[in-house]
Amino acid sequence: MDINPQPTYITSIQESILEPYNLQLDILRIDLLHPTISGNKWYKLKYNIAHAKDLKKNLLISFGGAYSNHLHALAFAGEQANIPTLGIVRGEQVDNDTLNDCKKWGMQLKFISRLNYKKKDTKEFTDKLLNEYPNAFIIPEGGSNELGIKGCTEIVSACDTSMYDFIVCAIGTGTTFAGVVNSLRIHQHAIGFTAMKNGEYLIPHIKSLVATQNWSIETQYAFGGFGKIQKEVTSWIQAFEQKHGLEFDFVYTAKMTKGLMHKIHENYFPKGSKILAIHTGGTQGNRSWK
Ligand SMILES: *Cc1c(COP(=O)(O)O)cnc(C)c1O
């Protein structure tokens, strides 16, 4: 495909809060991977799209909400790869920047009721879709399949990250986190911060996707729930951007870093730890509150 990801790089964060604990905090900037497809969405899509091409499929179908970073990335990647895309969007028809981008890149949009959307992974639902679009390749919501995980094993290994003790990552479906965990070295520990309320259900799910136990999940930093716009979170984004010149997205990475700072305050990390937090991208969604 004609997407040439930028080489990944790392931004070091200087904060007085790190000093008493002698911590090193660095951010892995996969948000800078590409001007349009930012971050983990590209890693989750790359093998899916390659596979669909191998199978000579003529349509990529996937699912998401009206601000979905995943549909946004899929629309662009599909256009680049020359495969038409169909986005099935949860809820009533709306117009926004995210969906306008999708349309601009040729994605066909289909809005379905929330009730119907809940059934999207059932055999009945996919059979119906494939009946309508017989040569389509269906990618689950968020790119959450084995090929998605496989792509995400390349996130941390794209540059030398062997010196870090902790790798920190935001969690939606857990696909990115599973890929990250599967690529860790034995001395490393991954911490996932869930972006939705009651994220505990992800623990058995991730257990089923990874082979090791050097990971844990923090579920207390959902700040009002998935996709909710909270002043506390948007202020954090603006303050951090002013101070460090990098922007987090409000759905995932802002909550992750806010939660991470809280864990640092709580003395969670052994003195002298080196922490690498992954900026998974997604800042296009900030247009919804800016
Ligand atoms: C989609 C997304 C995530 C969540 O990824 P999953 O693989 O679904 O867990 C994290 N961060 C950002 C910025 C995202 O857009």
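What covers the buried residues of α3? Keep in mind that you're looking at a predicted model, and start with the helix itself. Helix α3 runs over residues 97-104, and its buried residues are Thr-98, Leu-99, Asp-101 and Cys-102. They sit on the same side of α3, because they cover an arc of only 155° around the axis. As for the cover, it includes α2 (69-81), β4 (85-90) and β5 (108-112).

At the start of α3, Asn-96 reaches over with a side-chain oxygen, which comes to within 3.0 Å of the backbone nitrogen of Thr-98. After α3 you'll meet Gly-106, with a positive phi near 90°.

The largest pocket holds about 1,000 Å³. It's lined by 42 residues, and Gly-65, Ser-68, Arg-90, Phe-226 and Tyr-252 are the closest to its centre. Helix α2 turns up here again: along with α1 (40-54), β3 (59-64), β7 (166-171), α7 (175-182) and α8 (202-207), α2 gives two or more residues to the lining. The largest share, three residues, belongs to α1. Sort the lining of the largest pocket by type and you get 14 nonpolar, 21 polar and seven charged residues.

The second largest pocket has a volume of about 230 Å³. Among the residues lining this one are Ile-88, Lys-110, Phe-125 and Glu-132. Two elements, β5 and α5 (123-132), each give two or more residues to that lining, and α5 has the largest share with five. By type, the lining of the second largest pocket splits into four nonpolar, two polar and five charged residues.

Terms used
Residues numbered from 1 in each chain as written. Predicted model: local features only at pLDDT ≥ 70, side-chain atom pairs only at ≥ 80, totals over all residues. Heavy atoms only, no water. Buried < 20%, exposed > 50% of the residue type's maximum accessible area, 1.4 Å probe, protein only. Helix = DSSP H or I, 4+ residues; strand = E, 2+ residues; numbered from the N terminus. Arc of directions from axis to C-beta. Contact = heavy atoms within 4.5 Å. Polar contact = N/O pair within 3.5 Å; in protein donor to acceptor, adjacent residues only side chain to side chain. 1 Å grid on protein atoms, 1.4 Å probe; cavity = no way out; pocket = protein on both sides within 12 Å on 5 of 7 lines; lining within 4 Å. Points joined across faces, edges and corners; volume = space filled by probe spheres on them. Nonpolar A, V, L, I, M, F, W, Y, C, P; charged D, E, K, R; others polar.
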